[in-house]
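Hi,

Here is the structure I promised to pass on. Have a look at it first, then read on for what turned up.

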Amino acid sequence: MKKALIFSFAFTLVAAVLISATYRFSAQEGLQVGDTAPDFSLKNVDGKMVTLADFEDAKGFVINFTCNTCPFAKMYEERIVQLQDKLEAKGYPIINIMPNDVSIKPGDSFAEMQKRAKKVGYNYYLIDEKQEIFPKYGASKTPHIYLLDKDLVVQYIGAIDDNAQDAESVTQNYVLDAVEALEKGAKPDPNFTKAIGCSIKKKA
């Protein structure tokens with residue numbers, strides 16, 4: 001009986017350790033505010049490869065994981081272009097990245113991306129064709145924003161603003177406010193919000 005109790009306790013302890021380790025791993029998956037983001041080399045809709053290192057004079061970057069087909073991404077297209085016009089002039093280019101598996105979402109194919117970028121007015125719309133970049137960042141939705149400073153340190157993660165469905169009812173412009181904070185030498189507050197959108201479609 002005593003041996004059985006000892007064995008049961010040991011098994012429970014090992015299980016707890018494993019569960020704790022698994023939780024820590026999953027909780028740390030992807031980038032957190034304060035982490036340094038990896039650079040990448042992805043194809044833009046103009047056929048050219050784009051890396052963050054190309055932007056030598058950039059003061060930071062707005063990385064927007066988005067797509068053609070998600071209703072939430074579509075709701076934000078006009079607002080993204082407005083941000084693009086405001087922020088690129090300040091030295092913060094908006095780099096849109098399409099992360100979906102196009103075999104699941106044919107409407108997100110490269111050819112369709114080219115059409116969409118021309119229609120909407122994106123300066124940069126890159127395809128994460130091998131689906132290697134969005135997992136490194138930890139993106140799970142479209143749209144999903146990562147604001148980086150000039151050293152590629154993550155300063156903000158999350159939503160574009162506080163109202164996906166109605167631009168006229170927005171009370172907090174998270175991305176714009178975060179960039180303005182950096183411009184003043186301050187830290188964004190909030191620096192994390194929940195991204196609202198469609199789940200990224202991963203290869204099986």
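Let's start with helix α2, which has 18 residues and reaches 25 Å from its first C-alpha to its last, close to the 26 Å expected at 1.5 Å a residue. Before you go further, keep in mind that this is a predicted model. Even with that span, α2 has a kink of about 45 degrees, centred on Glu77. Glu77 is also one of the buried residues of the helix; others among them are Ala73, Tyr76, Ile80, Leu83 and Leu87. If you look at how such positions are spaced, here's a handy rule: an α-helix has 3.6 residues a turn, so residues three or four places apart point the same way. And what do the buried residues of α2 pack against? They pack against β3, β4, α3, β6 (141-142) and α5 (174-183).

Now zoom out to the whole chain. There are five helices and nine strands in it, and from the N terminus on they run α-β-β-β-α-β-α-β-α-β-β-β-α-β. Buried residues make up 44% of the 204 residues. Taking the contacts with a separation of 6 or more, 75% are between residues 24 or more positions apart.

Next, the sheet. Seven of the strands form an open sheet with mixed pairing, in the order β2-β1-β5-β4-β3-β7-β8. You can find Ile145 bridged to Gly158 of β8.

Our α2 (residues 71-88) touches β3 (60-65) and β4 (94-98), and its direction makes about 145 degrees with that of β4. The other one, α3 (residues 110-120), touches β1 (42-44), β4 and β5 (125-127), with its direction at about 175 degrees to that of β5.

Back to β7 and β8 for a moment: they form a hairpin with four residues between them, and Leu152 in the turn has a positive phi of about 70 degrees. Leu148 stands opposite Val154 in β8. Is β8 mostly covered or mostly uncovered? Mostly covered, as five of its five residues are buried.

On to the inside. The largest nonpolar core has 33 residues, and Leu83, Leu87, Leu147 and Tyr156 touch the most other members. At least two residues of this core come from each of α2, β4, α3, β5, β7 and α5.

One last stop is Ser109, in the loop between β4 and α3. Why does Ser109 count as partly exposed? Because its relative accessibility is 21%, and buried means under 20%. Not counting residues up to four places away in sequence, Ser109 touches Asn68 and Val102. Glu129 is 20 residues from Ser109 in sequence, and the two are 9.4 Å apart in space, C-alpha to C-alpha.

Happy exploring!

Conventions. Residues are numbered from 1 along each chain as its sequence is written. This is a predicted model: local features need pLDDT of at least 70, side-chain atom pairs count only at pLDDT 80 or more; totals for chains, interfaces and linings use all residues. Side-chain values use heavy atoms; hydrogens and water are left out. Two strands pair if DSSP finds at least two bridges between them. Contact means heavy atoms within 4.5 Å. Axes are lines fitted to C-alpha atoms, for helices over the stretch in contact, and angles run from 0 to 180 degrees between N-to-C directions. The expected span of a helix is 1.5 Å times one less than its number of residues. The bend at a residue is the angle between axes fitted to the seven residues ending there and the seven starting there. Buried means under 20% relative accessible area, exposed over 50%, partly exposed in between (1.4 Å probe, protein chains only). A nonpolar core is a set of buried Ala, Val, Leu, Ile, Met, Phe, Trp, Tyr and Cys residues joined through side-chain atoms within 4.5 Å.
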